[in-house]
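Here's a quick briefing on a few local features worth a look. Have the viewer open as you read.

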Amino acid sequence: MSYMGLVHSDKRSAKRVKFLNQLSSLISKLPSFAPVDASVDQMLVDFTHSSLPPRLSADEQMRTIHGVGPRWTEAGLTDVARAIAGSTKVRLLKRNVARLVMESEQLRLYHSVENSRVYREKDAQFIEITEEEAVAYECLVNSYPKFVEIENLPMEDPEIGRA
């Protein structure tokens, strides 16, 4: 191409203008033909896999499973486990901690919560979820950083815990 590249970048030849106009036209049509959302999802799954696990503040840690369980206090060993009810408020741990994708006809929620601190020491971490659970996850994504009561998640019968 005798009219493209660094050497020709300052020139305004008819061939160059025509080529750039054609390129612009084709690129503007790209979102209609290319699986842009699926491509972004795959890039972010790869990013999630490469990420360190989220660093939690002391307050965030106390609100997670890591902040419950037996603790030594002045009174001795105390179990500080909390009951989860419909009125329990939940949110995503961090904004970019998980990514929902469709792979092999299955909804998979990839996350970095259990990633190793060694680069890609483990396989990508994910759980398979149902369409109803995906709608609830979407609600949590759209509500972040606000908390949502479990009973207000868009699910017929919000299951407490997963088997």
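P145 sits in the loop between α4 and β7 (148–149), and a cis peptide bond with omega of about 10 degrees joins Y144 to P145. Helices (H or I, at least four residues) and strands (E, at least two) are DSSP runs numbered from the N terminus. Bear in mind that this is a predicted model, where local features need pLDDT of at least 70, side-chain atom pairs count only at pLDDT 80 or more, and totals for chains, interfaces and linings use all residues. Residues are numbered from 1 along each chain as its sequence is written, and side-chain values use heavy atoms, with hydrogens and water left out.

**Backbone**
- Most residues other than glycine have a negative phi, and most peptide bonds are trans.
- S104, in the loop between β4 and β5 (106–111), has a positive phi near 50 degrees.
- S104 counts as exposed because its relative accessibility is 63% (exposed is over 50% relative accessible area, buried under 20%, partly exposed in between, with a 1.4 Å probe and protein chains only).
- R120 also has a positive phi near 50 degrees, and its place is the loop between β5 and β6 (125–129).
- At 30% relative accessibility, R120 counts as partly exposed.

**Helix α1**
- L20 belongs to helix α1 (residues 14–33).
- With a relative accessibility of 35%, L20 counts as partly exposed.
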